[in-house]
Amino acid sequence: RLAVGDFDKKFSVQSAGKCLNYAIALDSASADVVHKYIGLEQSGKEFNSITLNAEGKPHNPMINSGALVLCSLIEREKSVADKLAFVRSQYERLSGGESIGTNSSTYSSEKATGHRNFAIGHLLHDSGALPADSSPLPEILDFYFHVGNERTSRF
């Protein structure tokens, strides 16, 4: 294995995890289910825009609204703790077996100051953009903040 630079310094995955979460959701729920709730087109908007496309869905899975919907689709029948354990196991597998864990300080900070993501979550909930059988919105948001703050040095 080749390692260069600060390869041993862990970082929170943040938005880099969106592509992995998209793959995990496709595997967990299927492409048909994922794209029933999330569009495939570029938005032309900022990643954290409080907006939906003309069909009332997030434009794509790589913007915050799409990432929140992904969080509602991954292992949807499980608790936040079980979903997190599942995603963490997938991240560990994809990173070559590296131990993954939550960066508690950034998780707490983002959860306390993530007002825009809470607003996006409420837009999704109020507009019916979340699956009817998904977890309650506070659990979806909690899971979203957790998966963005998983720490790794290999991605």
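In strand E3, arginine 151 is the bridge partner of glycine 101. Let's build on that. This is a predicted model, where local features need pLDDT of at least 70, side-chain atom pairs count only at pLDDT 80 or more, and totals for chains, interfaces and linings use all residues. Residues are numbered from 1 along each chain as its sequence is written, and side-chain values use heavy atoms, without hydrogens and water.

**Exercise 1.** Work out the strand order of the open sheet.

*Solution.* Start with E2 and E3 (residues 150-152), which pair in the antiparallel sense over two bridges; pairing requires that DSSP finds at least two bridges. Strands are DSSP runs of at least two residues (E), helices of at least four (H or I), numbered from the N terminus.

**Exercise 2.** Classify the crossing of H1 (residues 17-29) and H4 (residues 80-94).

*Solution.* First, take the axes, lines fitted to C-alpha atoms over the stretch in contact, with angles from 0 to 180 degrees between N-to-C directions. They come within 11 Å and cross at roughly 110°. H1 is therefore roughly perpendicular to H4 (65 to 115 degrees; under 35 is roughly parallel, over 145 roughly antiparallel, the rest oblique). Finally, list the contact residues (heavy atoms within 4.5 Å): Gly17, Leu20, Asn21 and Ile24 of H1 meet Phe86, Val87, Gln90, Tyr91 and Leu94 of H4.
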